[in-house]
Amino acid sequence: MKKIVILTGAGISAESGIKTFRDADGLWEGHDIMEVASPIGWNKNKKLVLNFYNQRRKQLLKVKPNKAHKALVLLEKYFEVQIITQNVDDLHERAGSSNILHLHGELLKVRSSKNKNLIYSWKKDLNIGNLCEENTQLRPHIVWFGEAVPLLQNAIEMVKAADILIVIGTSMQVYPAASLVHYTKPLIPIYFINPNEVLNKYQNLNIINISKKATFGVPKLVNQLIE
Ligand code: APR
């Protein structure tokens with residue numbers, strides 16, 4: 001079976017009602033990125049950071065996977081499918097995809113701010129005073145700016161094995177995620193689905209731009225690949 005690797009970003013969840021980060025009315029609007037998504041911000045004002053992610057978590061529990069998330073599940077009948085998502089939502093899981101790597105962490109998990117191995121499922125608000133079993137403050141299980149990306153090497157190995165790469169709804173501005181395309185085997189097709197951006201900054205790669213919204217572009221590409 002051919003291997004398809006799918007790299008997703010905020011754009012695939014946009015039509016479910018979750019704002020992207022960098023579009024005009026994006027998530028960061030009104031927030032200084034470093035205040036809410038960096039270790040410096042966390043050390044400066046934990047309450048602000050917790051509130052930011054509490055809002056995100058509440059919103060996530062109200063939204064649903066869309067046609068794009070669902071279409072990707074169909075591919076599993078015909079291909080070995082691995083999703084690498086930059087998203088911290090669980091919409092790929094709820095749509096029914098089997099193999100999902102969360103490069104930037106997960107909103108519905110929290111972890112000890114001291115011991116990175118103490119990770120817990122978490123659906124309610126996270127507050128000051130919520131402690132891990134070793135009595136240290138819990139923090140969101142999110143990879144913040146300035147932090148290492150623990151699953152990067154796993155993602156690189158997946159991309160290296162791909163026969164087809166599909167990149168959906170990401171601005172390709174955040175590294176190291178954006179550098180994953182460079183690990184593909186020579187000239188495999190790389191489909192880039194994004195209504196607002198065209199991927200042309202990567203020379204020598206076989207990029208096929210699909211300038212459509214995810215809920216239209218993804219089901220269409222999936223049908224094409226299945227036929
Ligand atoms: N369908 C497909 N793509 C869309 C749609 C849509 N309906 N709506 C918007 N987009 C595209 C935008 O054109 C943009 O290129 O989604 C992209 C979203 O880009 P960003 O907001 O930068 O999100 P992303 O690339 O996922 O950000 C990467 O940065 O902030 C950090 O850790 C955070 O994982 C995030 C990372």
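Trainee: How do you know which domains the lining of the second largest pocket draws on?

Mentor: That lining takes at least three residues from each of domain 1 (1–17 + 65–104 + 148–227) and domain 2 (19–62 + 105–142), with bounds from an automatic or database domain assignment. This is a predicted model, where local features need pLDDT of at least 70 and side-chain atom pairs count only at pLDDT 80 or more, while totals for chains, interfaces and linings use all residues. Residues are numbered from 1 along each chain as its sequence is written, and side-chain values use heavy atoms, leaving out hydrogens and water.

Trainee: What makes a residue part of this lining, and which ones lie nearest the centre of the second largest pocket?

Mentor: A pocket is an open set of points on a 1 Å grid over the protein atoms alone, where a 1.4 Å probe fits, with protein on both sides within 12 Å along at least five of seven lines, and a lining residue has an atom within 4 Å of a point. For the second largest pocket 16 residues line it, and R111, H141, V143, P150 and L151 lie nearest its centre.

Trainee: Why is the largest pocket said to lie between domain 1 and domain 2?

Mentor: Both domain 1 and domain 2 give residues to its lining, so the largest pocket lies between them. There are 50 lining residues in the largest pocket, and G9, A10, T20, F21 and N87 lie nearest its centre.
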